[in-house]
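User: Could you walk me through this protein structure step by step? I am new to this and would like to learn how to read it.

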Amino acid sequence: MRKYWRAYQISIQETLQRRSSLLMDRVGGLAVMLSLYYFWKTLLSGRPSFLGYSYSQMLTYIFGMNILRSFALTGRGWELVGEISSGKISSYLVRPLNYHGYALSLDLSKKTIHLFAALIEVGALLMLFHPPFYLPQSALSGLAFLAALVLASLLFFFLEFLVSSLAFWTSESGGPLFFFELCVQFAAGAFFPLDVLPRLIQKGLSFSPFPYLVFLPINIYLGRVGEGQMLRDLLMAGLWTAVFAAISLVVWRKGLASYSAEGG
Amino acid sequence: MSAIEVELLAKEYQVFERKPGLWGSIVSVFWREWKSVRAVDSISFRIEEGELVGFLGANGAGKTTTLKMLSGLLSPSSGSVQVLGFHPWKREREFQRQISLVMGQRTQLWWEIPAQETFRLNQAIYGLSEKEYRQSLDELVEMLNLKDCLSVPVKKLSLGQRMRAELAAALLHRPKILLLDEPTLGLDVVMQKKVREFILDYNRKWKASILLTSHNMDDLAALCPRVLMLEKGKIIYDGSLEQLVRRYAENKVIRMVFGERVSPDKIAAFGADIDSLGTSALISVPRSEVSRKAALFLSSFPIVDMTIEEASVDEIVRTIFSRA
Amino acid sequence: MKKYLRVWWKMSSMSLMAQISHPLGSVGFLLGKIVRIAFFFAFIIAIFGHIKNLAGYSLSETALFFLTFNIVDISAQILFRGIYSARRAVSEGDFDFYLIQPCSALFRLSMTTFDFLDAITLLPVLVMTGQILERFSSPGFFVHCLLYFFLTFNAVLIASSFHILVAGLAVRTQELENTIWIYRDIMFMGRFPSDVYGPLFQLFLTFVLPIAVMTSFPVRAFLGLLSPQWIAYAFTLAGLLFGLSLWFWKTSVRQYTSSSS
């Protein structure tokens with residue numbers, strides 16, 4: 001356990017060291033948040049609600065989105081693709097280290113820093129514009145939100161790990177990861193609440209793991225989900241996480257096997 | 001006019017110092033401390049047309065920095081540098097058409113596709129006519145034995161093949177000045193020899209001035225009648241390699257073969273290295289003590305054969321560097 | 001000029017060859033780009049299923065804003081694809097070769113990887129834009145179309161300036177690997193008509209980060225909602241920015257050649 005804790009610490013230092021890259025990531029997220037904030041503000045001006053979202057709920061959705069993007073949808077996919085295609089990955093494999101555990105520690109360190117940054121950004125925006133901010137109506141929905149947040153991070157970790165592992169076969173390209181990242185952002189509700197979409201697409205998405213990443217956690221926070229449904233959602237999120245953890249482990253092993261067969 | 005004229009050339013950099021630990025990295029997000037480093041310190045030399053000159057020096061002695069200033073990649077902090085009458089740092093097109101720089105650990109070849117595509121690109125960049133290109137390429141393919149490598153993606157070539165293709169890409173436009181930074185880095189002995197032979201051929205054939213840096217003493221011994229030795233940004237030697245060796249070779253090596261096993265402890269007491277079988281040993285001794293020591297060994301050990309040799313170039317250079 | 005065309009043609013065909021060598025990856029990128037456009041289109045259409053107008057614009061007008069954003073965005077990517085790997089080109093030494101060879105280093109750096117995938121995505125966007133433009137046949141239609149064309153071109157020039165600035169930064173600092181992504185992310189705001197952003201922020205987007213000039217001005221001019229003064233401002237701004245970016249590039253290269261090790 002100690003080595004993973006150490007990896008976490010070192011990675012925090014490294015992330016801070018690359019200050020420009022950190023700054024860029026944050027400015028990017030901020031631009032998306034600001035632009036959607038204004039978009040919904042304009043759209044909701046003169047309307048009491050839109051699709052059942054009150055003004056304060058919709059703006060809170062945007063803020064929550066920034067936090068979930070930073071914590072749940074942040075990962076090391078591109079680094080992993082790079083390590084696989086450059087062959088650097090083999091240097092980890094000879095060490096007495098579980099690579100998934102190691103990658104999770106590094107992921108967590110990145111998530112930690114981005115979470116702090118996102119909280120500061122949202123705080124600054126709240127101070128600057130004084131928008132109405134929606135607070136959870138019960139301790140239960142607050143707690144359930146935290147649980148959903150943790151599950152979302154784990155689910156994303158395994159999903160991203162799975163897609164990045166494809167680099168073992170796609171001969172050194174991040175194409176699949178690029179496609180995945182874009183799809184995830186839309187399908188998870190990291191640009192807009194999924195209720196906006198036509199019913200059919202919504203229905204389709206509800207059979208996928210994506211809404212559990214952003215859309216459902218925020219809806220739990222906003223108290224738009226009944227207690228029974230909340231429990232079912234959390235269970236489903238856990239189930240998806242377990243399924244993708246298993247798949248990603250299997251694919252990882254197969255990838256390694258094909259990797260060493262080719263001799264790197 | 002000489003091909004290369006360098007007068008009191010100097011180069012200084014700013015580098016920032018990294019502080020250790022978590023707190024240090026948080027601090028360096030906002031604040032960095034800079035210090036200046038003198039990489040090249042007032043050097044002067046001339047190189048004539050058709051001359052082959054080697055640069056010698058430890059890591060960080062200023063070899064690469066000097067090459068970069070000669071190619072126009074770096075501008076000097078002070079002093080003057082002229083190559084073929086041009087100031088390299090102005091990077092005039094006419095100048096660029098006459099030089100080439102090859103860096104052993106870097107490649108201009110496109111990784112995913114065959115090398116001949118990069119050659120074609122260079123044809124367009126250097127504005128070579130189809131006839132010039134064909135002629136030059138055929139020659140290089142012949143000299144470098146590249147026939148089978150032309151249409152294979154570069155990533156599938158061996159290191160030696162890649163280096164030869166790299167040289168071909170750099171020489172298509174027949175530069176008059178060729179700057180080589182570690183051209184044999186990572187190559188096996190056979191391939192090193194081939195690359196050396198090619199460099200010599202090119203030099204003779206086109207009267208090109210060639211400047212090369214290398215950690216490999218065999219390169220310099222085989223190629224360069226003249227070497228420049230750099231230490232901490234200054235030239236500390238300019239002349240032939242043999243003379244350098246003679247000047248710095250304070251020690252000779254005595255090699256002994258014993259008729260029977262000798263106890264390692266006994267021979268170690270004399271400061272010599274013995275092999276694992278205990279049947280031979282060598283020792284490095286100052287020139288002035290060679291005869292005295294040789295006599296001492298002969299009387300103390302059952303020696304059947306003894307030779308006294310000059311230290312190898314590698315060894316000498318290592319002692320010079322370790323002194324620095 | 002002819003030489004540059006030949007170099008460009010050679011580099012483009014080489015990067016096409018390189019891309020074809022891993023088809024699966026390329027398909028991923030192509031699908032990603034198409035999905036992004038499709039999803040936002042679906043979003044805009046879905047929104048208009050619930051409302052009649054957005055900041056006073058109808059569905060086709062809003063779509064036109066979105067399409068214009070895409071034209072500018074994709075064109076800049078086609079022209080400056082290489083900037084995305086500028087930092088790598090600098091740190092791995094490719095840039096050193098660009099500098100010592102007799103061909104503009106900026107040209108080499110930006111055009112070195114022509115992305116035919118971008119060219120493929122641009123086509124349907126252009127076709128759709130043409131179809132929507134056609135719907136607005138008003139008296140001054142021809143003049144409005146010309147204005148739209150020139151202002152869009154002007155926007156590409158502004159986008160080019162930003163890319164050149166980023167290239168300068170990459171050469172200067174050898175560290176700002178993500179600067180171009182800042183640009184991309186900030187450009188995110190260009191997807192919606194700038195009127196959405198409220199008067200104060202809109203001023204910011206007109207004068208400080210001229211995204212409004214790039215993505216909203218062409219459409220507003222087409223709809224006859226832009227005064228000649230603003231049109232003059234747009235052209236002046238682009239000229240100034242372009243000049244500034246070239247100057248910055250030059251000083252960056254000068255700094256690079258006086259400081260790298």
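User: Looking at contacts in chain B with a separation of 6 or more, what share comes from residues 24 or more positions apart?

Analyst: Happy to start there, and keep in mind that this is a predicted model. We take the contacts in chain B with a separation of 6 or more and pick out those between residues 24 or more positions apart. Their share is 71%.

User: How many helices and strands does chain B have, and what box do its C-alpha atoms fill?

Analyst: Chain B has both kinds of element, with twelve helices and 13 strands. Taken along the principal axes, the box filled by its C-alpha atoms is roughly 75 × 55 × 50 Å.

User: What percentage of the residues in chain B is buried?

Analyst: A residue counts as buried when its relative accessible area is under 20%. Chain B has 324 residues, and the buried part of them comes to 49%.

User: Is C224(B) buried or exposed?

Analyst: The relative accessibility of C224(B) is 4%. The cut-off for buried is under 20%, so C224(B) counts as buried.

User: How many disulfides does the structure hold over all chains?

Analyst: A disulfide needs a pair of cysteine sulfur atoms within 2.5 Å. Over all chains, the number of disulfides is zero.

User: Moving to chain A, is R2(A) buried or exposed, and how far is R2(A) from Q57(A) in space?

Analyst: R2(A) is in helix α1 of chain A, residues 2-17. Exposed means over 50% relative accessible area, and R2(A) has 73%, so R2(A) is exposed. R2(A) and Q57(A) are 55 residues apart in sequence, and their C-alpha to C-alpha distance is 42 Å.

User: How are two packed helices described?

Analyst: We use two quantities for this. They are the angle between the axes and the distance between the axes.

User: Then what is the arrangement of α1(A) and α6(A)?

Analyst: Their axes come within 8 Å and cross at roughly 45 degrees. That angle makes α1(A) oblique to α6(A). The contact residues divide into nine nonpolar, six polar and no charged. As for handedness, the crossing of α1(A) and α6(A) is right-handed.

User: What about α2(A) and α6(A), and how many charged residues does their contact have?

Analyst: The axes of α2(A) (residues 19-44) and α6(A) (residues 99-129) come within 11 Å and cross at roughly 40 degrees. That makes α2(A) oblique to α6(A). Among the residues that meet are D25(A) and R26(A) in α2(A) and E121(A) in α6(A). By class, the contact has twelve nonpolar and one polar residues, and the number of charged residues is three.

User: Which way do α2(C) and α3(C) run relative to each other, roughly parallel or roughly antiparallel?

Analyst: The axes of α2(C) (residues 23-48) and α3(C) (residues 59-80) come within 10 Å and cross at roughly 165 degrees. The contact includes F40(C) and F41(C) in α2(C) as well as F66(C) and L67(C) in α3(C). By class, this contact has eleven nonpolar, three polar and one charged residues. Angles over 145 degrees count as roughly antiparallel, so α2(C) and α3(C) are roughly antiparallel.

User: Finally, which residues is M111(C) in contact with, leaving aside neighbours within four places in sequence?

Analyst: M111(C) is in helix α6 of chain C, residues 105-111. The C-alpha atoms of M111(C) and S15(C) are separated by 10.0 Å, while the two are 96 residues apart along the chain. With those neighbours left aside, the contacts of M111(C) are W8(C), M11(C) and L79(C).

Technical notes: Residues numbered from 1 in each chain as written. Chains lettered and ligands numbered in written order. Predicted model: local features only at pLDDT ≥ 70, side-chain atom pairs only at ≥ 80, totals over all residues. Heavy atoms only, no water. Axes fitted to C-alpha atoms, helices over the stretch in contact; angles between N-to-C directions. Helix = DSSP H or I, 4+ residues; strand = E, 2+ residues; numbered from the N terminus. Parallel < 35°, antiparallel > 145°, perpendicular 65-115°, else oblique. Contact = heavy atoms within 4.5 Å. Nonpolar A, V, L, I, M, F, W, Y, C, P; charged D, E, K, R; others polar. Buried < 20%, exposed > 50% of the residue type's maximum accessible area, 1.4 Å probe, protein only. Left-handed = near helix turned anticlockwise from the far one by under 90°.
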